[in-house]
Every structure is written in C-alpha cells, then in structure tokens.
Number of protein chains: 2
Amino acid sequence: MAQTRILPAADNAYQYPLLIKRLLLSGPRYNPDQEIVYANRSKYTYTDLVERIHKLANALTDAGVKPGDTVAVMDWDTPRYLECFFAIPMIGAILHTVNVRLSPEQIVYTMNHAEDDVVLVHDDFMPIIEGVKDEIKTVKTWIQLTDSDGAKATSVDTYGEYEALLAKADNQFDFPDFDENSVATTFYTTGTTGNPKGVYFSHRQLVLHTLAMTGTIAHFDEMPLLRSSSVYMPVTPMFHVHAWGVPYAATMMGIKQVYPGRYEPELLVDLLKTHKVSFSHCVPTIMQMMMATESIKTADLSNWHVLIGGSALTKGLCDAAARLGIHMYTGYGMSETCPLLSATHMKPEDLELPLEQQTAIRVKTGIAVPLVDLDIVDPDGNPVAHDGEAKGEVVARAPWLTQSYFKQADKGEELWEGGWLHTGDVASMEPDNTLTIKDRIKDVIKTGGEWLSSLDLENLISQHPAVAGAAVVGVPDEKWGERPHALVTLKPGEQAGVEDIQSHLKQFVESGEINKWAIPEQIDFVEDIPKTSVGKINKKLIRDQLKD
Amino acid sequence: MAQTRILPAADNAYQYPLLIKRLLLSGPRYNPDQEIVYANRSKYTYTDLVERIHKLANALTDAGVKPGDTVAVMDWDTPRYLECFFAIPMIGAILHTVNVRLSPEQIVYTMNHAEDDVVLVHDDFMPIIEGVKDEIKTVKTWIQLTDSDGAKATSVDTYGEYEALLAKADNQFDFPDFDENSVATTFYTTGTTGNPKGVYFSHRQLVLHTLAMTGTIAHFDEMPLLRSSSVYMPVTPMFHVHAWGVPYAATMMGIKQVYPGRYEPELLVDLLKTHKVSFSHCVPTIMQMMMATESIKTADLSNWHVLIGGSALTKGLCDAAARLGIHMYTGYGMSETCPLLSATHMKPEDLELPLEQQTAIRVKTGIAVPLVDLDIVDPDGNPVAHDGEAKGEVVARAPWLTQSYFKQADKGEELWEGGWLHTGDVASMEPDNTLTIKDRIKDVIKTGGEWLSSLDLENLISQHPAVAGAAVVGVPDEKWGERPHALVTLKPGEQAGVEDIQSHLKQFVESGEINKWAIPEQIDFVEDIPKTSVGKINKKLIRDQLKD
C-alpha cells in the first residue's frame, strides 16, 4: 500500500458519512412545492414528503423497528413506497423490496432468508400472505397498505393501516448518523435454477449511485431526466433494483414525480399525457403494450425520454417509438450492480443523423458511466480486443456493486472472481468504447472454438416474415463441441420449413453478419417457446428437453 | 451509535476507494478524440491527455517523487496544470497549487509550511524563485515549465524541463489504489491578518465534489456546463480552489476544454469566439475587463454561461452581461469548502421572466447544492429565521470541506466550532431557501443590537451618480455599540458632499430597503480606498486608520 498522507479518522468535527438522509436535503430545498403524484388518485408536495417520512419513521419505531432490523414492502409503485425508500434506511433499518411477482413459495423463501421483522403489505397482496403466513418465521409485525377508504378485512393479524398510523405519528424524527457502510436495502434476484439470491446495498453505495446517475443522465444533450423542468414516472417496478435508483435521483433534484400504481397500459398512457412525463425507464414488453394502446395515438410524446433495460431494445421497437417522437435509450445493469453500469451516449453529431441511423446507436448497450471500470474478458480473465467483433464476458468494478449474496458467501466469491464482478453477460466492445451485449455466458454457443451469440441468431431468424419467435440453444456435438439448435414459432396462418429458415440465414452469411457455421442444422417448429416467470426464454428448460 | 448492519470492511474483493484516478475513466471513454486546447498555442485529445498523465507520473517518479510527498506547481492556466491535477494525486503525492499572486515572502512561507519536495515553475515565475531560493528549505527538485522553444536560462538548479522530461518518460504507469482519505491537494488562503493558512482535500472529497457539481450544474434548464456539446474555459485561476473543481468535472464528462494561459482580456474574448465557449467561471473584475474590450462587441455570447464567485455579482454587471446575451449565475463557496456550497437556481418559470427580474434572482447566492447541509445561525449557534430579513452566519456541513488548517489545529477547531464549518459570512435566507450573502462577519456593523451589512450600504452609496466607490466600516460608539463610517471616492470631475450622500440614502429608508439608523453620520471623501493584494477592500486597514 502506498504511504500516502491520510486524513486522521479520529473523532474530529468533520465526519459526514454518505447517508440516504443527505439525499433528502436538496430536493425539498430546490422545490418545496413541487408535486409528487399518485396515479389519478392524489398528489402532495415535497414538503409533505419530508413530513410523511418523519411520520413513517416514528410510526415504524412505535411498531418496534430498530436499527439493523429488516422491513419488507409489498406494494405497487406508489409515493408510499418512495417514503419507505427513505424512512426505513434513514432509521438504520434495512428495506427489503419484495418481488411480488414471485410464487408464494419463493416469497416465503425470501422473507425467511432476509429475516424480515416487519412487513408492509398492500391489500392486493394480502391473499398471498394469508395463504403462507404460517410458514413465515421471523416476521413480528404486519402493516396494511390500502387504496380503499378503510383497511380491508384480512385473516392476517395486522398492527395497523399505513395512513392511520401516519395520522397519529409525530412529524419530527431525529434521524441518526451512523456508518455509511450500513446496509440500506436488500432484494432477491431470480435465476432459472436454485433459490433466489439476496443482493444488498449500503447507504454509501446508494448515495454514490445517485450522484453518478444524476451527472450521467443530465449529461446527454437531449435527455432532460434531471433538469428542473423534468417530470419522472417509473415504468419498471420499485421492488426491482430500487426502480433503477431513479426515485433517489429525482428526489435529490426536486423534480416532479408521478407514481402509476399498477402497470396498466391505458393508465400509463393517460398519466403520460396528463402530466407531460419527460422521463421513464421501462422494459420492452411494457413499452410494446403501451404503444399498442388506442390512446397513445393522440399523445404528444415528443418530450418523452425512455431508458430501456431488462431485455435488449430491438431495432423494430426503437424505430416504432421514434416514429411516435419518443427518444429511446438503452441502459445496462442488473440486480447485482445497483443497477447502472452503462447507457446510450448520443454525441451532439449523433443527434443530427437520420432516425434509422440513430436507432443503430440507441439499441447498443452504450458506454460505461463515470466511476465504472468495465471490460470484456476471455474465460481466463484476459482482456479481449475492443474491435466490435471479439466477444468476452463483461466484468465491472464500481462503487455501487453488491459485495456478495446474503448468507451465500460461496456464490459471492464466484461473482467476484479475480476482484471483478462477473456479470455473466457476453458482449463485444467497439473502438469507441460502445458495449453491445450479445448473450448470457451460459447461453452462448461454443462451436468450433468460437463464441456464437444465441441472441444474434434469434434476431436474424425472427426477421423471416413467417416467424413469430425463435429460441436458439447450444447442444453438445462431438466434432464442434456445441452446435446451435433452434426452436421456431410461426405467425398464425404462415408456413415455413427448415430450408426456408436456412436459406433466409444465408443472406446474412453473404452480408458478413454471421459465419456459415452459424446456420443451425437442427430447426424445430413448435407451438410455444418455454418462458420463465419474468417472461424471458427459459433456455435451461429447452436444453434439458432437448437432452431427453 | 445506531446498531445498523455494517458491510464487513475486511479484505474482500469489493474495495473500490474513491480515488481521483477513477475520474479519468469516463471522459476519454466518452470522447477519446475530444480536444483540450492551450490558448492559441496548441491542442491535443483526451487520448493524449491520458498518455501525458502516465508520462508525467513516470517523470515525477524518476525525479524521486514518492506517495506522501508534496509537489507544488507555479503555472498559468494550462493543460500542463490539468495533467498535474491528475498525475500528482494519482501517484499518491499531494498537489500544492501555489498562489502566484502572493508576495515572494508569502510564497516562501507557503512552500516551507507545506513542506514542498518538488516544485514545477513556469519561466515567468522563475525570477521570484531566483530571488528567494535560499530561504526555501524543503524543496529538493525544481522542474521548469516553459512556453518558449527551449528552457530559459535561470540561476535555479533545475532537474529538467517539463516537455523534455515527458518526451523521454514511459507512457504506462500503474497507478496504485490507496486509502480514499489520502490528502490529494493543498493550497493557502490569504486573509487580511496573519500568515496564509493551508487547507487540504482528500481524494474522496474531490471525487464527491466532482460528482455533486456534475449533477448540480447539469440540472439547470438553461446551463449546459456538462452536456456533451459544452465547451469549458476557466477564468478563475487553477491555483485557486482547483479552478472551483470544474476541470475535474469537465474531464470526467469528456467535454472540450480551453485553457487560456494568462488572463488577458483580449485573448480571453478571442478564445470565447474561436471555440464557442459555453461555460466559464469568473470573478467580477475580470468579467468587467472582458466586457470593456473592443472585440466583445462582435462576439456572439448567447451560449456563454458564466458562474460568478469571489465577490458579489452586482445588478449592474449582471444586467450589462444579460444585454450582451450572456447567461449569468452566482456560485458561493470559499477555499475551505472545495468550494461549491450553493449556486443560482433558475426554475423553469424564472426563465420566462423579463431580464431585469431574472437579474434579481441571478445576483443572489442561490440555493445550497445536493448533499450540502447549510444554515444561518446567530452568535450562539441558534438557527435564524428564513424570512429574507434576519441575518446570521452561514454554517455548513458537506462531504468536501477542509477538515482543518494544515499544522494549525487550533484555527481548525475555531473553523469547526460545534461541528459545523463557520464561513465567516453573514447572510439572510428567504423562505424559498435562497441565500443572500450580506457581509463578512467581521465587517458587519453591530449597531443598536442589529446587524447592519456594510456591503448593502456600499452598494446603495455607489448608486449615487457622482460616486465611483465606497467602503463602510463599523467604528466603536458608546451609545450604539458601533456606527457606520463611510469612505467615498468620486468620479472624475464630479462633486458631492456629506448631505448629498445622506439624502441619497434617505430614499432607501422611504422605500424600506434600509432603516433610518443605517445612514452614516460620518462620511469621508477620499482619493483612494485601501485594497488588499487580491483587490478586495481592506477593511481592517480602514478600521485601524480610523482608530488612529
């Protein structure tokens, strides 16, 4: 270690840890009267937000919550949830954002594994809890969240209803200082195998993620996420990686926020129109559902900027959105990374290009954001060329990555092999540092010593006019190691055979997009392609089925 | 201390300290070919910048620099200085930015006090060193900086010339990781009394200041400091609080930077025009000099955004600049605060106001930026009302404030009395959280139990058409504690007497801007008002002279 001159860490006056409570200083100061909207139900100001956070802290403390406790939330995307984002970690407790789309068994697993002490549950999710409450071991207190006039009847023994508890709580809470490395949030990632794994983030990590996100996204010439005039509405759920951390950034900057509750496409479009939303983050599926609504046709979307993540933004979706005037961007990250690692970076000259040429830039995974150290490496951990062709696994270092998996240190060590977080994604990097994700490393097809992207192949097959969807997996092959095997679904009333798909793919061999050996010999036409609970292609299941 | 759950600080893989080297990751990645310009002399790219930082690190190491050493720089504002901003702290050494405007005696004092090991000196400052070199005790190595074709002859025993050293240095340096609380920079503040005091900032502090500045300034609807298309040129010197930290922020975001060398008004305006500069920070005096040039009349300044600090931005200067199309803002901070504490915050609706009404907002000291906790307090440390009227001393907490004064712990304890940094500035705060600095606490006039701002009074006296300048100090008074005493200079050929000034001030009593008791009985007409070395009114000297 270099012998630098180090500031004395003794108990001098100048200790100012990076705590989530500090993110709450500036927003209400910039815009005390700025609005926070709950769908078409209610709205309040930043001044109210601060008061309600203080009341919530008192209500939770009255309910027995202590620093170090874990408080879980099962709610739609609401200002209540925003209050929990702040109040729970600001007490020194840990916010567990429960994935309400998991099966009841998985919810039980995550609550027991996280050792939840208190759970806030929306009426809509109460039936789940009613069915499994005897299996949940550590929870001492249930608090009810309701959008009705009064709390609905339930067999769960609840401590009280959120609004009623806030109404009688004191509006002054003295939020303590503590170590910035204290855990602030936790939630569970789902894979295709095994139990969900718990990631966790500290106050310091969330503050740094917020600062870096604020600087990054405001940097883009055309993207006004965090300017004074911005209006933010999340369209990826708050239980999933803190809605990508944007609620913290938006609150720090004092901009208008619109929480939609449930993700109903007509409601979302209605809120876009009513509040002139200028920034959202979204997954492709929901985006497509919104674009399929009748009401979007009469919306002025020329000031709507959408950061797409979760799955790849396709050229088709990006073009269709651009024709509606929407500004599309790709963000890249995952549960383990808090999540932001990289985002589309449009240079001023890029904005002068015709829309279709802009699309080619917008669908890439972008350039790593400030403070993130990121590279692509081969299986031995050696850097791979940044030539836009060579593929490697994306590895990252940054001040906001999960340090391990909760109570699964062995899996954490795998994640951090060699001191870099291994994303499990395979990508190429262009000479201008633009990253393009090609595949999951376990889905990439290793054939003849080369890495073949199953995603690339699926995209090309899907361009055949008769094809509705495609999935490609690698199957063992004596000569080549692995060979690609495709499952294809056809559009209703359409016809196509193996040779049609193969000859369709040959044009891409001629244009240089793929090599001749990328064309699968095995192509099965199927009714349905197996999907996971979150709607991704279940390649593990396909591989298992093909093995049998 | 709250019993939170704390991340293990043990030697796990996930240690990623906040080091200045991480600020250098993203800029060259966003824009490898982006330009860094040196006046009308030369330019290079971000790729070159990175290579030159590696070479400089090798050259300094070859010259004996080790982590923990102090390396001082005496240069104009140049890309060389930017290289030193990075390379010196990235080695683990401490960058001492020498105030070249100090007297030779004070320069000797600061170099000895900082215990400089190596000094980089521009030819223009070599005569100063030649005159005092025998009094400088700790410096082992002198490196010459030159803008000529070859190094100029000097009696100082130099180790080599900067460009020659870089030319032969290796272009790969393995910058180490170390504790983020390591000191990165130091420099000296000058007061009207006593020796200069050394402030110092750690890697962590500078990284956090950079992140917060990036988010803050990009937040303003009309101010494009840190968008991809921005062009930055500093017009406050790099030796003074790291040019307000903007070079770090600009480099992190990969934007074009123009370093002007010396502050010659014609040159500065020429560079503004040539490079379409969009953002600068500046003090009022230099701004006035630039606006007085002939060439500014033909410049299109409608995209030039200027953050004013150092002294108050007057309405007159702000209006004059606005008429030229310039967008003016006020920033607030000081050497002790890295410096950013607050800045003008223009809401979208503010930008719709007529220019003169915008001026009223732009000349205030703005709203505290994210993560900064800031208040105004009375002499007992109790908060003062935020009513726009009541005055109190500005106190602050933030993650980037100097922890003490180097080797003057007693003065550091005064600075941090009660756990807040005491700025020594008196201000009022409006209900919308806008801060307006009224005076230095030692210059405020305590009369009849009230605080009277000497600056307010000077501004009002200066509005008399015959008045060129004014200085007001408090003088002891048996009945009232203190009474204001004014020194006034008149414009050439103008005439005015004590009663003219007093009756001029009475109109402001009638309009409610000041109280009747604010009108000074004692008004002296003088040839010159005493100034300090940095051009501020020397109130201590005036008070001493009036005492005699």
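## Helices 12 and 13 of chain B

In this predicted model, helix 12 (residues 315-323) of chain B and helix 13 (residues 355-362) of chain B have axes that come within 10 Å and cross at roughly 130°. The crossing of helix 12 and helix 13 of chain B is right-handed.

Helix 12 of chain B brings B:Lys315, B:Cys318, B:Asp319 and B:Ala322 to the contact. Helix 13 of chain B answers with B:Leu355, B:Glu356, B:Thr359 and B:Arg362. Sorted by class, the contact residues of helix 12 with helix 13 of chain B are four charged, three nonpolar and one polar.

## Helices 3 and 9 of chain B

Helix 3 (residues 79-91) of chain B packs against helix 9 (residues 246-253) of chain B. Their axes are 10 Å apart, at an angle of about 85°. Helix 3 and helix 9 of chain B are therefore roughly perpendicular to each other.

From helix 3 of chain B, the contact takes B:Leu82, B:Phe85, B:Phe86 and B:Pro89. From helix 9 of chain B, it takes B:Pro247, B:Tyr248 and B:Thr251. Six residues of this contact between helix 3 and helix 9 of chain B are nonpolar and one is polar. No charged residues take part.

## A four-stranded sheet in chain A

Chain A has an open sheet of four strands. The strand order is 17-18-19-20, and the pairing is antiparallel. Strand 17 (373-377) and strand 20 (435-440) of chain A stand at the edges. Each has a single partner strand, so one side of each is left without a neighbour in the sheet. Direction ignored, neighbouring strands of this sheet are turned by 45° against each other on average.

Strand 17 of chain A pairs with strand 18 (residues 392-397) of chain A over five bridges, in the antiparallel sense. At one of the bridges, A:Val377 has A:Glu393 in strand 18 of chain A as its partner.

## Aromatic pairs

Over all chains, the count comes to 18 aromatic pairs. One of them joins A:Trp76 and A:Phe125. Their centres are 4.8 Å apart, with 45° between the planes, and the pair is tilted.

Where do the two residues lie? A:Trp76 is in the loop between strand 3 (70-74) and helix 3 (79-91) of chain A. A:Phe125 is in the loop between strand 5 (118-122) and helix 5 (126-132) of chain A. The pair therefore ties together parts that are 49 residues apart in sequence.

Terms used:
Residues numbered from 1 in each chain as written. Chains lettered and ligands numbered in written order. Predicted model: local features only at pLDDT ≥ 70, side-chain atom pairs only at ≥ 80, totals over all residues. Heavy atoms only, no water. Axes fitted to C-alpha atoms, helices over the stretch in contact; angles between N-to-C directions. Left-handed = near helix turned anticlockwise from the far one by under 90°. Contact = heavy atoms within 4.5 Å. Nonpolar A, V, L, I, M, F, W, Y, C, P; charged D, E, K, R; others polar. Parallel < 35°, antiparallel > 145°, perpendicular 65-115°, else oblique. Pairing = 2+ DSSP bridges. Phe/Tyr/Trp six-rings, centres within 6.5 Å; stacked < 30°, edge-to-face > 60°.
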